[in-house]
Amino acid sequence: MIKAILTDIEGTTSSLSFVKDVLFPYARERMAEFVRAHTAEPAVRKELDEVRRITGENLSDPEVIEQLIRWIDEDRKITPLKSLQGMIWEDGYKKGDFRGHMYEDAARHLKQWQQAGLRLYVFSSGSVQAQKLLFAHTEYGDLTPLFSGYFDTTVGSKREADSYCKIAEAIDTAPGDILFLSDIREELDAARAAGMQVTWLVRDGATDPGATHRQARNFDEIRL
């Protein structure tokens, strides 16, 4: 019996194009300016030092900025980068430069599931801060009250079963009572290896009857 739903964001609740064509370029364009303007702030300094730790080099601030931009161009899922991107996106949301994209079917079903007593959680490679910002600024209003918790790469890789075991333990729910939604097969493989039930969102193109996981073209086709 499904008691909790754990959902990805990109390609699942929200379009890939919003993240890749709006959010990523916005952060890339403003990364250098943001770091220079906020380098003395403890939260920013912490992430800059984490970049140095990960690279194993005593980089100057300009070199750290270059590394961060290189990671953006390589689409790397690295925690300090995601944290700094989240800070930049927060400014963008506050200024009204963009709104968080949300598929109508996703917004509708998330509300219905929460009202039906299911607990909702998010697991995304974007930082928890970035997740909350997106769900707080949608055309369907602030959706953050629907969720009981958020998880990002600090819990582990989305393609490793151990990450999903940790999430199940953190929300005190048996893996078999959790449904994970994603558009990435390797993530679904990992969640199923951890014992979770899974559904593969295929928003573009046709579903594959021979797919390794149950598929749905949108949230209307998800069966609990």
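1. In this predicted model, a salt bridge joins the side chains of lysine 158 and aspartate 8, with an N to O distance of 2.6 Å. The partners lie 150 residues apart, so the description "links distant parts of the chain" applies to this pair. Lysine 158 sits in the loop between strand 3 (147–151) and helix 7 (161–170), while aspartate 8 belongs to the loop between strand 1 (4–7) and helix 1 (16–38).

2. The count of salt bridges comes to 21. Across the interface of domain 1 and domain 2, however, zero are found.

3. The domain assignment divides the chain into domain 1, comprising 4–15 + 100–221, and domain 2, comprising 19–95. Taken over C-alpha atoms, the centres of domain 1 and domain 2 are separated by 25 Å.

4. At the interface, 13 residues of domain 1 are in contact with ten residues of domain 2. The area buried between domain 1 and domain 2 is about 1100 Å², of which 60% is on carbon and sulfur atoms. On the side of domain 1, Glu10, Gln129 and Leu133 supply 38% of the area buried against domain 2, more than any other three residues.

5. How do helix 3 and helix 4 pack in terms of angle? The axes of helix 3 (residues 61–73) and helix 4 (residues 79–95) cross at roughly 95 degrees and come within 10 Å. Helix 3 is therefore roughly perpendicular to helix 4. Helix 3 contributes Leu68, Trp71 and Ile72 to the contact, and helix 4 contributes Pro80, Leu81, Leu84 and Gln85. By class, this contact of helix 3 with helix 4 has six nonpolar residues, one polar residue and no charged residues.

Methods. Residues are numbered from 1 along each chain as its sequence is written. This is a predicted model: local features need pLDDT of at least 70, side-chain atom pairs count only at pLDDT 80 or more; totals for chains, interfaces and linings use all residues. Side-chain values use heavy atoms; hydrogens and water are left out. Axes are lines fitted to C-alpha atoms, for helices over the stretch in contact, and angles run from 0 to 180 degrees between N-to-C directions. Helices (H or I, at least four residues) and strands (E, at least two) are DSSP runs, numbered from the N terminus. Angles under 35 degrees count as roughly parallel, over 145 as roughly antiparallel, 65 to 115 as roughly perpendicular and the rest as oblique. Contact means heavy atoms within 4.5 Å. Ala, Val, Leu, Ile, Met, Phe, Trp, Tyr, Cys and Pro count as nonpolar, Asp, Glu, Lys and Arg as charged, and the others, Gly among them, as polar. Domain bounds come from an automatic or database domain assignment. Buried area is the accessible area (1.4 Å probe) that two parts lose on being put together, summed over both. A salt bridge is a side-chain nitrogen of Lys or Arg within 4 Å of a carboxyl oxygen of Asp or Glu.
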